[in-house]
Amino acid sequence: MERSSVEDAAANALQSTRKPEGLGADVRALRRTRGLTLAALAAQVGKSVGWLSQVERGISRPGIDDLRLLAAALDVPLSLFFGKAPATGPEAGRIVRAGSRRQLGGDAPGLSEELLSPDLTDDFEVLRSSFAPGARLGRTVERPTQEVGYVVAGRLELEIGGHKFTVGPGDSFRIRGEPFAWANPHDETAVVIWVIAPPVY
């Protein structure tokens, strides 16, 4: 992964703001979702099983370079491992404030995603996906998930299992492990609340 000053600053802020328990829980959830053992992931990042176990249990805090390695091995954006202002007290694990959502960064130009779930420890994740005018997924995607989307604003062109649909505000859709693609050829940003099980980020 490429190094950037923004990522460095954000990840350094993580060291003093994000609870290691939350970070460790996310790493554990991602590892399990991908069917990786502790030993397999530790080998991928060049660390010991003991070190990774301590990270997952919130005993050890990984540095920025370690976070980069984990993000690459788990195929997630580095930004997933930090938020603007983590919840504390009774809100931790329960409430995500509008200004504290974790930016996930889509892998397609014009797509931006925010994690609405407090973390990745549930059997599902909830995202807010924004598709800019002209944004398009350049390929068909197929993943072993069940997904439901609800269109909040704008219109989105969907292809699910070889069938084409146009969805707009108030419409919802489901994808069950089928190949799918999306495009927003319209003039307005499309906003979709997306639920994915199991989590893919």
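1. A residue is called buried here when its relative accessible area is under 20%, and exposed when that value is over 50%. By this criterion, 41% of the 201 residues of the protein count as buried. The model under review is predicted, and the points below should be read accordingly.

2. Overall organisation. The protein comprises 5 helices and 9 strands. Read from the N terminus, the order of the elements is α-α-α-α-α-β-β-β-β-β-β-β-β-β. Among contacts with a sequence separation of 6 or more, 64% are made by residues 24 or more positions apart.

3. Nonpolar core. The largest nonpolar core contains 45 residues. Within this core, the residues with the most contacts are L41, F81, F173, W182 and W194. Helix 5 supplies the largest share of the core, namely 6 residues.

4. Surroundings of F173. Leaving aside residues up to four places away in sequence, F173 touches E147, V148, G149, V151, L158, I160, V167, V192 and W194. Of these partners, W194 is itself listed among the core residues with the most contacts.

5. Helix 5. This helix spans residues 64-74 and is mostly covered, with 8 of its 11 residues buried. The buried positions are I64, D66, L67, R68, L70, A71, A73 and L74. The list includes the charged residues D66 and R68, which a reader may wish to locate in the structure above.

6. Packing of helix 3 on helix 5. Two packed helices are described by the angle between their axes and the distance between the axes. For helix 3 (residues 38-45) and helix 5, the angle is about 120° and the axes are 9 Å apart. Helix 3 is therefore oblique to helix 5, because an angle of 65 to 115 degrees would count as roughly perpendicular and one over 145 as roughly antiparallel. The crossing of the two helices is right-handed. On the side of helix 3 the contact is made by L41, Q44 and V45, and on the side of helix 5 by L69, L70, A73 and L74. L41 of this contact is also one of the core residues with the most contacts.

7. Helix 4. In helix 4 (residues 49-56), the buried residues are W51, L52, S53, V55 and E56. Just after this helix, G58 has a positive phi of about 75°.

8. T145 is found in the loop between strand 3 (125-131) and strand 4 (146-153). Is T145 buried or exposed? T145 is buried, because its relative accessible area is 5% and the limit for burial is under 20%. The side chain of T145 forms a polar contact of 2.6 Å with the side chain of E147. Not counting residues up to four places away in sequence, T145 touches I175, R176, G177, I196, A197, P198 and V200.

9. The cis peptide bond. A197 and P198 are joined by a cis peptide bond, with omega about -10°. P198 lies in the segment after strand 9 (190-197).

Technical notes:
Residues numbered from 1 in each chain as written. Predicted model: local features only at pLDDT ≥ 70, side-chain atom pairs only at ≥ 80, totals over all residues. Heavy atoms only, no water. Buried < 20%, exposed > 50% of the residue type's maximum accessible area, 1.4 Å probe, protein only. Helix = DSSP H or I, 4+ residues; strand = E, 2+ residues; numbered from the N terminus. Polar contact = N/O pair within 3.5 Å; in protein donor to acceptor, adjacent residues only side chain to side chain. Contact = heavy atoms within 4.5 Å. Core = buried A, V, L, I, M, F, W, Y, C linked by side-chain atoms within 4.5 Å. Axes fitted to C-alpha atoms, helices over the stretch in contact; angles between N-to-C directions. Parallel < 35°, antiparallel > 145°, perpendicular 65-115°, else oblique. Left-handed = near helix turned anticlockwise from the far one by under 90°.
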